[in-house]
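Open the model in your viewer and keep the selection tool at hand. This tour moves from one selection to the next.

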Amino acid sequence: MHGNTVDGHAAVGVADVVKVHGRGDTAVRALDHVSLDFPALRFTAVMGPSGSGKSTLMHCLAGLDAVDAGVVRIGRTDLTGLSDAALTRLRRDRVGFVFQSSALLPTLSAEDNILLGLRLAGRRPDRAWFATVVDALGLRPRLRHKPGELSGGQQQRVACARALVGRPEVVFADEPTGSLDSRSGAEVLDFLRTSVRELGQTVVMVTHDPVAASYADHGVLLADGRVAAHVPRPTADTVLAALAGLGA
Ligand code: ADP
Ligand code: MG
């Protein structure tokens, strides 16, 4: 229903965005004239020191937070003109989310957690796509388990399946491996990469971990609410060097 953009358009982007938190003396300019395009069918990592504006950027991109100036675009839709109801629909139908904590419902099986969002939206799951996602994540033997019966890594893989099952135009992941051990984290990162390379998805991931960023196709560094550098085909070493180059 919501095909990914294939006509060369960026999947999502911001143009000259300003976002200020708070007012008066305590106002913080979290995004200071940021312009970025996140191409379709690409895995992009957004990096930067704590407080550099990574989460603010993601919240603005996803329509969770309104900007003070500039344009935010998902596909051909400018989010800055939308009503709250339209933004809610857009998030439900066109965007997937993975957060640091998987936030699964404890009384539902893994399968029901994965499908809950679609059911609430009155959308019929595409069973073939569901099977593709579940198999790519190795979750088939776990579908009847409740979250409490799964490891942290398995729970986060369920959260990934929940984000992808509606075939969103873009998946936003904010520190998706932040609460996982390195092996479970690697499984989640492997899957995010696979979802882009083999399943045709588009992923924007916030991370402060250079190893996590090395799974992405492209890295963007923020510092003090501005785009400080781009790191094409990032490795842990080139990301570390770029972070060091910020002169922090
Ligand atoms: P990051 O995710 O890179 O750590 P954030 O986007 O969370 O950075 O924060 C950017 C800046 O905005 C920081 O200085 C932070 O303290 C400030 N900030 C973030 N959210 C709020 C808020 N709700 N109210 C006030 N200041 C905020
Ligand atoms: Mg953050």
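Predicted model: local features only at pLDDT ≥ 70, side-chain atom pairs only at ≥ 80, totals over all residues.

Residues are numbered from 1 along each chain as its sequence is written, chains are lettered from A and ligands numbered from 1 in the order in which they are written, and side-chain values use heavy atoms, leaving out hydrogens and water.

**Stop one: ligand 1**

Select ligand 1, then its shell (residues with a heavy atom within 4 Å). Among the surrounding residues are His21, Val28, Pro49 and Lys54. By class, the shell has three nonpolar, seven polar and one charged residues; Gly counts as polar here. Now show α1 (54-61) and β2 (28-39), which each supply at least two shell residues. α1 gives the most, with three.

Zoom in on Thr56. One of its polar side-chain atoms lies 2.6 Å from an oxygen atom of ligand 1. Next, pick Gly53: a backbone N or O atom lies 3.1 Å from a ligand 1 oxygen. For Ser52, the backbone distance is 3.2 Å.

**Stop two: the largest pocket**

What is the volume of the largest pocket? About 470 Å³. Select Val95, Phe97, Gly117, Arg162 and Ala163, the closest to its centre of the 23 lining residues. Then colour α2 (84-94), β6 (95-98), α3 (110-120) and α5 (152-164); each supplies at least two lining residues. α3 has the largest share, six residues. The lining divides into 13 nonpolar, four polar and six charged residues.

Terms for this stop: on a 1 Å grid over the protein atoms alone, a pocket is an open set of points where a 1.4 Å probe fits, with protein on both sides within 12 Å along at least five of seven lines, and lining residues have an atom within 4 Å of a point. The volume is the space filled by probe spheres set on the points. Helices (H or I, at least four residues) and strands (E, at least two) are DSSP runs.

Conventions. Polar contact = N/O pair within 3.5 Å; in protein donor to acceptor, adjacent residues only side chain to side chain.
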